[in-house]
Structure formats: C-alpha cells, structure tokens
Amino acid sequence: MLRSLLLAALLLLGSTSVIAADDEFRLVIENHRFTPEELTVPAGKKIKLVVENRDATPEEFESHSLNREKVIAGKSTATIFIGPLKAGKYPFVGEYNEATAKGVIVAR
Amino acid sequence: MFATAVIVFREVLEAALIIGILAAATRDVPERNRWLAAGIGAGLLGAGIVALGTGRIAELASGVGQELFNAAVLGIAVIMLAWHNLWMSSHGAALAADARKVGTAVRDGRRARSVLLVVVALAVLREGSETVLFLYGIAAAEGGGSLPMLAGGLAGIAGGVAVGWLLYAGLLRIPLRWFFTATGILVLFLAAGMASQAARFLIQADVLPSLATPLWDTSAWLPQTSVVGAVLHSLVGYEAQPSGMQIVFYVLVLGAIAMGMKWVNKNGAPSPRKGALS
C-alpha cells in the first residue's frame with residue numbers, strides 16, 4: 001500500500017517537472033495591451049507561458065478560468081505554468097489596466 | 001475612478017476581513033489595539049518593500065520566486081492561525097466562562113498578541129503590495145490626470161476597511177457563550193482557505209501537480225469577481241474553479257486543525273492547563 005502510494009507520488013512529481021521546449025508560449029504586454037490577444041495552445045498538456053511586460057508600469061496577469069494570478073513588474077518577464085487544459089476558451093486580463101489589457105487563450 | 005475603486009477595494013477586502021476576525025478573536029487581550037496597529041504598520045512597511053522588490057523577487061528560483069514567496073507567506077499565516085486556535089481551545093472554556101476573571105496566563109496573552117501581530121502583518125503585506133503597485137502604475141502612467149484615480153483608490157481602501165469593521169462589529173454582538181466557538185470556526189476556515197491559496201501558487205510555480213483542473217466550475221452561478229464571491233473567497237476560501245490539489249490542501253488543513261482543537265479541548269478541560277501549549 002505504502003509502496004504504491006510512493007510510486008504514484010513519484011509518477012505525479014515526475015510528470016510535472018519535465019516540460020518540453022515546444023510547450024512554451026509567449027505573450028507581450030505593450031501600451032497596456034496583450035499581443036497576441038488570442039493565443040492558441042494544445043489541450044491536455046501543461047504549458048509554460050512567458051509574459052514579457054514592455055511597459056514601465058507593473059501589470060497583474062489574472063485569469064479566473066485559468067486559476068492564475070501573477071504580478072509582472074515593469075520592463076520584466078514572468079513565467080506562468082498553466083494547464084493541462086480542457087479544450088475551450090480561457091479569458092485573461094491585465095488587472096491593473098482591465099479596460100485595454102484583455103486576451104483569451106484557446107486550447108484545442 | 002470607479003474601476004480603480006473596485007480594484008483597490010478587492011485587494012483591501014481580504015486583509016480587512018482577516019483583521020476583522022482576528023481583532024474580534026483577541027477582544028480581551030490586553031493592549032490589543034497597540035499590537036494590531038503594530039501589525040498593520042509592519043505590514044504596510046513590508047508591502048512597500050515587496051512592491052519595490054517585485055522584479056527581484058520574481059527573478060528568484062528561475063522565474064517563480066513570486067509564487068514561492070506568496071506560498072511561504074500564506075504557509076506561515078496558516079501555521080500561526082492553527083497555533084492560535086489550539087491555544088484558544090485549551091483556554092477557551094475559561095475565556096467563555098468569564099472573560100474578565102481568567103488566570104494570568106490568559107490575561108497576559110503574550111502568544112495571542114504575537115500571533116495577531118504576525119498574521120495581520122502578513123495579510124497587509126500580501127494584499128498591500130499589490131495595491132501599492134497598482135496605485136504606483138496609475139500615478140506613473142497618467143501624470144497630472146491621475147488625481148481622480150487616486151481618489152478612487154482611497155475610496156476603495158475606505159470601502160474595504162468599512163466591510164472589515166462591519167464584520168468585527170457584527171462578531172462582537174455574538175453572545176460570549178458562543179463567541180470563541182464562532183471566532184474559532186472562522187479562523188479555522190480562514191486557515192484552510194489560505195492553505196488552498198498556497199497550493200495554487202505552488203501549482204502555478206510547477207512545484208505541485210494540479211490533479212483535476214478544475215475540480216468543479218461554479219463560475220456561472222457565483223463568480224469570484226462578484227462581491228459575494230470575493231467575500232466568501234476571503235472568509236472560507238471559496239473558489240469558482242479550484243484544482244484538485246487545492247481541495248486536498250484545504251481538507252487536510254481543516255481536518256488537522258479541527259482534530260487538534262478537539263484533542264486539546266479534551267485534554268485541557270475543564271480547568272485550562274496553564275502552559276499546556278506555552
């Protein structure tokens with residue numbers, strides 16, 4: 001019993017630590033807007049999202065559907081791990097500039 | 001201006017509710033107000049430092065420093081709250097019997113005060129640093145036209161503080177017989193909710209697997225962006241789309257503290273053993 005639990009734990013940990021390079025996606029924040037505003041990613045896979053903030057002011061990447069929030073300082077780059085996602089649309093916003101900073105991640 | 005007020009309100013609300021509950025739970029601790037003020041002051045100072053160091057913190061641990069920092073802050077708060085509840089369980093019977101005539105161990109309340117200080121400081125630090133960054137962004141970006149926005153920010157802070165105070169005032173109306181049971185249960189759920197948030201940051205940092213994502217989805221009925229959703233999120237850790245791992249953390253912490261409270265209660269009652277947990 002204990003051994004199978006340990007094995008399961010190891011498998012879970014192992015499955016999370018390996019991320020292939022092709023599962024990395026980039027978003028750029030400039031003038032309080034995301035580029036691209038629609039990002040298509042594969043469903044059922046963990047994804048490394050790299051967000052570059054080119055503005056001088058900080059931004060908070062926030063998505064309730066992705067269950068993620070992260071503050072990104074001005075002129076800096078942040079890494080956010082998301083997924084594995086079911087196929088569907090996952091809107092996100094820059095919380096500090098919600099009027100313009102909006103986008104959606106499409107998993108398919 | 002209105003949008004600014006809403007965002008700041010959302011950030012302040014969580015800290016204000018935590019402070020409201022803790023201020024009520026420590027109502028009879030001597031010099032409570034001074035310790036409360038010290039906690040808020042330390043938290044604000046920390047918030048400023050964290051806001052300044054956001055870029056630095058984020059770069060640590062290959063880009064997930066912010067997540068690990070948040071998880072650590074939440075983890076410490078969970079431990080302090082658990083400690084508070086265990087301490088209250090061993091002294092709660094005496095407190096409820098007559099709060100004015102408890103032994104020096106309780107009246108002294110040194111432990112209760114340090115818990116109050118640390119948890120309040122951590123709550124203000126976490127929520128405050130985001131508010132500082134947000135207001136800084138406004139001030140930097142808008143130049144001269146930012147005055148109404150800053151007014152909105154102040155309105156948001158005032159609104160959050162008002163809700164926290166309302167909760168505090170409401171809690172004080174609970175009869176003393178049930179009072180410490182009620183605050184104990186609130187603190188218990190507060191701790192479980194923080195554990196779930198800590199798990200979310202560890203998942204975001206790719207330290208923990210998410211298990212099922214999301215385990216359920218109630219965002220159509222009770223979105224977290226609504227006022228009720230936000231209040232429930234702060235009080236009991238409600239999430240519209242939680243991952244399985246968050247629920248594992250939530251249930252484990254809830255169960256562990258509840259069992260600890262029961263155990264201490266059984267072994268500490270009827271006359272609270274002075275120094276049982278000191």
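This is a predicted model: local features need pLDDT of at least 70, side-chain atom pairs count only at pLDDT 80 or more; totals for chains, interfaces and linings use all residues.
Chain A holds one helix and nine strands. The chain has 108 residues, of which 37% are buried. Contacts in chain A were counted between residues at least 6 apart in sequence; 58% of them join residues at least 24 apart.

Chain B is built from other elements. It has ten helices and zero strands. Its pattern along the sequence is α-α-α-α-α-α-α-α-α-α. Of its 278 residues, 48% count as buried. For contacts with a separation of 6 or more, residues 24 or more positions apart account for 84% in this chain.

The two chains touch. Chain B brings 26 residues to the contact, and chain A brings 22 residues. On the side of chain B that touches chain A, four helices each supply at least two residues: α1 (2-25), α3 (54-63), α6 (110-142) and α8 (176-204). The most comes from α6(B), with six residues. By type, this side of chain B divides into twelve nonpolar, eleven polar and three charged residues.

Within chain B, α1(B) also packs against helix α7 (residues 147-172). The axes of these two helices come within 7 Å and cross at roughly 25°. An angle under 35 degrees counts as roughly parallel, so α1(B) is roughly parallel to α7(B). The crossing of α1(B) past α7(B) is right-handed. Their contact comprises 24 nonpolar residues, eight polar and no charged.

In chain A, strand β6 (residues 68-72) is mostly covered. Five of its five residues are buried. A:R68, A:K70 and A:I72 point one way from β6(A), while A:E69 and A:V71 point the other way; all are buried. Strand β5 (residues 59-63) runs antiparallel to β6(A), and five bridges join the two. One of the paired residues is A:E60, whose bridge partner in β6(A) is A:V71. The strands form a hairpin with four residues between them, and here A:N67 takes a positive phi near 60°.

Most residues other than glycine have a negative phi, and most peptide bonds are trans. The bond joining A:T35 and A:P36 is cis, with omega about -10°. A:P36 lies in the loop between β2 (33-35) and β3 (38-41) of chain A. The peptide bond from A:G83 to A:P84 is also cis, with omega near 5°. A:P84 sits in the loop between β7 (76-82) and β8 (88-94) of chain A.

A:N31 is not a glycine, yet its phi is positive, at about 50°. This residue lies in the loop between β1 (24-30) and β2 of chain A. With 10 other C-beta atoms within 10 Å, A:N31 is exposed. In chain B, B:E31 is likewise not a glycine and has a positive phi of about 55°. Its place is the loop between α1 and α2 (32-52) of chain B. B:E31 is exposed, with 10 other C-beta atoms within 10 Å.

Technical notes:
Residues are numbered from 1 along each chain as its sequence is written. Chains are lettered from A and ligands numbered from 1 in the order in which they are written. A residue is buried if 20 or more other C-beta atoms lie within 10 Å of its own, exposed if 12 or fewer, and partly exposed in between; C-beta atoms are placed from the backbone. Two residues are in contact if their C-beta atoms, placed from the backbone, lie within 7 Å. Ala, Val, Leu, Ile, Met, Phe, Trp, Tyr, Cys and Pro count as nonpolar, Asp, Glu, Lys and Arg as charged, and the others, Gly among them, as polar. Axes are lines fitted to C-alpha atoms, for helices over the stretch in contact, and angles run from 0 to 180 degrees between N-to-C directions. Angles under 35 degrees count as roughly parallel, over 145 as roughly antiparallel, 65 to 115 as roughly perpendicular and the rest as oblique. A crossing is left-handed if the near helix is turned anticlockwise from the far one by less than a right angle, and right-handed if clockwise. Two strands pair if DSSP finds at least two bridges between them.
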